[in-house]
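Me: I have a structure open and want to talk it through. Can we start with the charged pairs and go from there?

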Amino acid sequence: MSLCRLVVTCPDRVGIVARVSSFIAEQGGSITEANQHSDLETGRFFMRYEVETRNMNADSDTFRQAFAHIAEEFEMQWQWRDGEQRRRRLMIMVSRESHCLVDLLYRWTAGELDCEIAGVISNHEDMRSVVEWHGIDYHHVPVSADDKASAFSSVEKIIEDSRADTIVLARYMQIIPPSLCERYSGQIINIHHSFLPSFAGARPYHQAHTRGVKLIGATCHYVTQELDAGPIIEQDIQRVTHCHTTGDLVRLGRDIEKSVLARGVRWHLQDRVLIDGNKTVVFS
């Protein structure tokens, strides 16, 4: 079975589903999964189809050329992703905390993430051994407070040379510059704890414990120039009580962070996340 994905965003109007579905059927395709959403506030329509193409009478290029007429009629932003295009190339960025990186590497080796890992970039040497054990290139790019521009120029070149199309910040503790945010808009995924903006800076779980918080959690989101305020992909929480120590909060928080990040990355790789302004439509 050869599966392709059709992802569409356009102004909402009557007849979109009927027209697209009929076109796929006429081409000999079979829709195996269908998701649609109409945003009543913005008037936008979102669609994601998985299509079995074994009996289609057109290859991907021919399909795209024919579908382009429908896309123009409905003012669609769209992509038809075939088997060769489905495997994205990830560049993972990390600092000194290992839990999110190690979890992603495990899921990748277990076949849970349909991608190629193009490399890992870090501003420290701490993760080199675990990354190279997986046969992945490790790039150490120190970030000096006096010359961050030079460091991120190197980072950008590494990403470009590796042909990475998706960047995952697996607890990378540096602010991504606006130029990189713009160039890879909708392609940089970050994870952070749920205490922002209340407990910003160092040792957030210690701050939270001192305040006696009752909920901890994590947020996975796309990176924009507005710090930690990009479109949210996934979130999760867990209740805690006065019985939990600071160490408990750190442990539970790490568990939530890595599971939330993994879900967000997997859905992104599967084209299940469609950006709608500063929010997302997630066909999970």
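Me: Which residue does Lys 279 form a salt bridge with?
Reply: Asp 39. This is a predicted model. In it, the closest N and O atoms of the pair are 3.2 Å apart.

Me: Where do Lys 279 and Asp 39 sit?
Reply: Lys 279 is in strand S13, residues 279-282, and Asp 39 is in strand S2, residues 30-39.

Me: Is Asp 39 buried or exposed?
Reply: Buried, because its relative accessibility is 6% and the cut-off for buried is under 20%. Lys 279 is partly exposed, at 38%.

Me: How many salt bridges turn up in the whole structure?
Reply: A search finds 28.

Me: Give me another. What does Arg 64 pair with?
Reply: Asp 82, in a salt bridge of 3.6 Å from N to O. Arg 64 belongs to helix H2 (residues 60-74), while Asp 82 is in the loop between strand S4 (77-81) and strand S5 (88-94). They are 18 residues apart. Asp 82 counts as buried, with 13% relative accessibility.

Me: And Asp 114, which partner does that one have?
Reply: Arg 87, with the closest N and O atoms 2.8 Å apart. Asp 114 lies in the loop between helix H3 (99-109) and strand S6 (115-122). Arg 87 lies in the loop between S4 and S5. The pair ties together parts that are 27 residues apart in sequence.

Me: Are those two buried or partly exposed?
Reply: Partly exposed. Asp 114 has 29% relative accessibility, and Arg 87 has 39%.

Me: OK, what about H8 itself? How many residues does it have?
Reply: Helix H8 has 24, residues 246-269. From first C-alpha to last, H8 reaches 34 Å. That is close to the 34 Å expected at 1.5 Å a residue.

Me: Pick a residue inside H8. What does Leu 252 touch?
Reply: Leu 252, found in helix H8, touches Ile 216, Gln 238, Val 240 and His 244, leaving out residues up to four places away in sequence. Leu 252 and Gln 238 are 14 residues apart in sequence, and their C-alpha atoms are 8.0 Å apart. Leu 252 is buried, at 9% relative accessibility.

Me: New topic. Which residue does UniProt list as active site?
Reply: Asp 228, according to an unreviewed UniProt entry.

Me: Where in the fold is Asp 228?
Reply: In the loop between strand S10 (215-222) and strand S11 (232-239). Asp 228 is partly exposed, with 30% relative accessible area.

Me: What does its side chain contact?
Reply: The side chain of Asn 190, through a polar contact of 3.4 Å.

Me: Last one: what are the domain bounds?
Reply: The domain assignment gives domain 1 as 3-82 and domain 2 as 89-282. Their C-alpha centres lie 32 Å apart.

Me: How many residues of domain 1 are in contact with domain 2?
Reply: 17 residues of domain 1, in contact with nine residues of domain 2.

How values were computed. Residues are numbered from 1 along each chain as its sequence is written. This is a predicted model: local features need pLDDT of at least 70, side-chain atom pairs count only at pLDDT 80 or more; totals for chains, interfaces and linings use all residues. Side-chain values use heavy atoms; hydrogens and water are left out. UniProt positions are given in the numbering used here, feature names are shortened, and annotations may be inferred rather than shown by experiment. Helices (H or I, at least four residues) and strands (E, at least two) are DSSP runs, numbered from the N terminus. Buried means under 20% relative accessible area, exposed over 50%, partly exposed in between (1.4 Å probe, protein chains only). A polar contact is a pair of N or O atoms within 3.5 Å; within protein, one must be able to donate a hydrogen and the other to accept it, and residues adjacent in sequence count only if both atoms are side-chain atoms. The expected span of a helix is 1.5 Å times one less than its number of residues. A salt bridge is a side-chain nitrogen of Lys or Arg within 4 Å of a carboxyl oxygen of Asp or Glu. Domain bounds come from an automatic or database domain assignment. Contact means heavy atoms within 4.5 Å.
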